[in-house]
Amino acid sequence: MTPQEALQRTEAALLRQVPLGFAKGNLLMPLCRAEGKLWAAVAHEDGLFALRELARRMQLQPQPLWLSPQEVKELINQAYGQLGSAQEVMEDLRDEDLSSVATQFESPTDIMELTEEAPIIRLLNALLKQAVKERASDIHIEPFERELEIRLRVDGMLRKVLSPPKLIQDALVSRVKVMARLDIAERRLPQDGRMRLLIAGRDIDVRVSVLPTIHGERVVMRLLDRRAGLLSMQQLGMDKAVMEAFQALLSRPNGIILVTGPTGSGKTTTLYAALRRVHSEDKNIITVEDPVEYELKGVGQMQVNPRVGLTFASGLRAILRQDPDVVMVGEIRDLETAQIATQASLTGHLVLSTLHTNDAAGAITRLLDIGVEPYLVASSLLGVLAQRLLRLLCPECKEPYPAQEAEAQYVKARQLYRPRGCPRCGHTGYLGRTGVFELLLISPAVRELIVAKADAKAIHAQALQEGLVPLREHALTKVSQGLTSLQEALRVVQKEHAQV
């Protein structure tokens with residue numbers, strides 16, 4: 001067997017015999033057993049000594065494969081990250097006395113004394129590990145009258161992964177609370193917490209929300225990968241014209257730039273990419289967010305705390321006394337915040353923020369609806385970027401087919417692609433997401449419409465005359481490029497399509 005063949009033949013059964021702590025501590029990655037030899041990647045003499053001891057116990061000959069320490073670490077993280085799905089751990093639990101598992105948490109003291117081998121701890125650890133491996137953004141633990149369901153949100157879509165016995169519901173929720181430093185004795189009120197984990201070498205920030213329902217406490221855990229969460233402008237999925245126009249707005253010294261879309265459409269990711277674009281040593285950038293999702297180097301970030309009176313409005317007012325050049329407000333929710341942001345933009349600050357509206361023109365009418373004077377909106381607003389997220393077809397298994405006659409009304413391409421499903425994409429046919437955008441620039445003609453209190457339809461029509469590419473057209477362009485399916489594009493922008 002060649003070294004390359006050994007690297008490609010990692011044995012799951014062998015990994016289960018070698019604890020992760022032992023492998024990391026000795027920088028030893030067990031690979032496979034073949035021809036009476038135990039193959040393993042090692043980085044230094046300690047790893048070689050550990051390999052010899054392992055091989056002696058298995059009555060095999062040690063066969064080291066020398067790699068750099070970084071290469072061995074990456075192999076360990078990748079291989080051990082594939083082990084122990086939540087379903088496998090659940091199968092192990094079925095052989096145990098579930099009544100004893102369910103009563104492990106008699107008091108807060110008892111739970112702190114549990115070891116890492118406790119069944120509930122193993123189940124939750126496996127669930128977190130599986131969620132990270134499958135690129136899930138959220139874990140939902142949902143209690144119903146007679147059952148307990150666990151679902152993962154991957155690429156914006158929820159799917160069921162586990163149905164543990166209802167009996168262990170309280171124990172599982174209590175374990176989550178302990179990890180998030182919440183009160184496990186309080187079951188009548190909603191609670192919010194967070195925890196920070198290292199899973200397969202990745203730094204994961206987990207935001208936890210616990211909500212009491214009639215059938216028990218419901219838990220949602222949002223997973224934020226600190227390393228993968230920050231994207232550059234080029235990685236967002238904008239076409240060249242939109243990116244150049246958006247970057248031109250970011251170079252302006254003052255004014256308001258808004259990013260709009262529903263919850264989960266990637267607005268915060270776009271704002272972070274914009275902040276990274278404008279960041280430089282000669283600029284003072286401060287944000288007020290709810291919550292701070294990712295830490296940006298060189299940016300002052302503040303998290304709102306309504307319990308002590310720190311709201312978006314009060315935080316923004318305080319920020320303006322810090323002599324900022326660029327200000328980012330997580331969301332404009334009320335008239336007070338909108339007015340302060342508007343005044344800040346008129347006094348020499350570049351202000352970035354978000355609104356929950358369906359399209360770019362709707363953001364303008366939303367500002368007017370909450371009470372901002374039309375002349376202030378017209379003079380301060382630079383542009384509005386509306387966005388959605390589209391699932392990308394898996395490059396390993398996407399399937400070409402000739403476009404049907406009914407599909408020709410949407411795209412001109414003769415050949416389209418559809419999802420098929422393979423192990424790499426979890427048999428969904430989709431892998432990853434990209435953004436679709438429309439950028440409305442505030443031209444003199446649009447300003448006149450704003451001052452005249454025109455509705456969103458009139459503003460949208462004027463923007464179309466001036467070259468606005470709507471969300472629907474951008475989504476269909478990605479279909480023609482073979483990046484996604486027509487069904488996915490219409491699913492995401494069907495409302496906009498219905499309005500056209």
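How many bridges join S1 to strand S2? The count is 6, and the two strands run antiparallel.

This is a predicted model, in which local features need pLDDT of at least 70, side-chain atom pairs count only at pLDDT 80 or more, and totals for chains, interfaces and linings use all residues. Residues are numbered from 1 along each chain as its sequence is written, and side-chain values use heavy atoms, with hydrogens and water left out.

**The sheet**

The 3 strands form an open sheet in the order S1-S2-S3, with mixed pairing. Pairing takes at least two DSSP bridges between two strands. S1 and S3 each have a single partner strand, so one side of each lacks a neighbour in the sheet.

| Strand | Residues |
|---|---|
| S1 | 28-34 |
| S2 | 37-42 |
| S3 | 61-66 |

Proline 30 stands opposite alanine 40 in S2. Helix H4 (residues 45-57) packs on the sheet and touches S1, S2 and S3. Contact means heavy atoms within 4.5 Å. The direction of H4 makes about 155 degrees with that of S3. Angles run from 0 to 180 degrees between N-to-C directions, and axes are lines fitted to C-alpha atoms, for helices over the stretch in contact.

**The helix pair**

The axes of H13 (residues 312-319) and H14 (residues 335-346) come within 8 Å and cross at roughly 20 degrees. H13 contributes Phe312, Ala313, Leu316 and Arg317 to the contact. H14 contributes Glu336, Thr337, Ile340 and Ala341.

Notes
Helix = DSSP H or I, 4+ residues; strand = E, 2+ residues; numbered from the N terminus.
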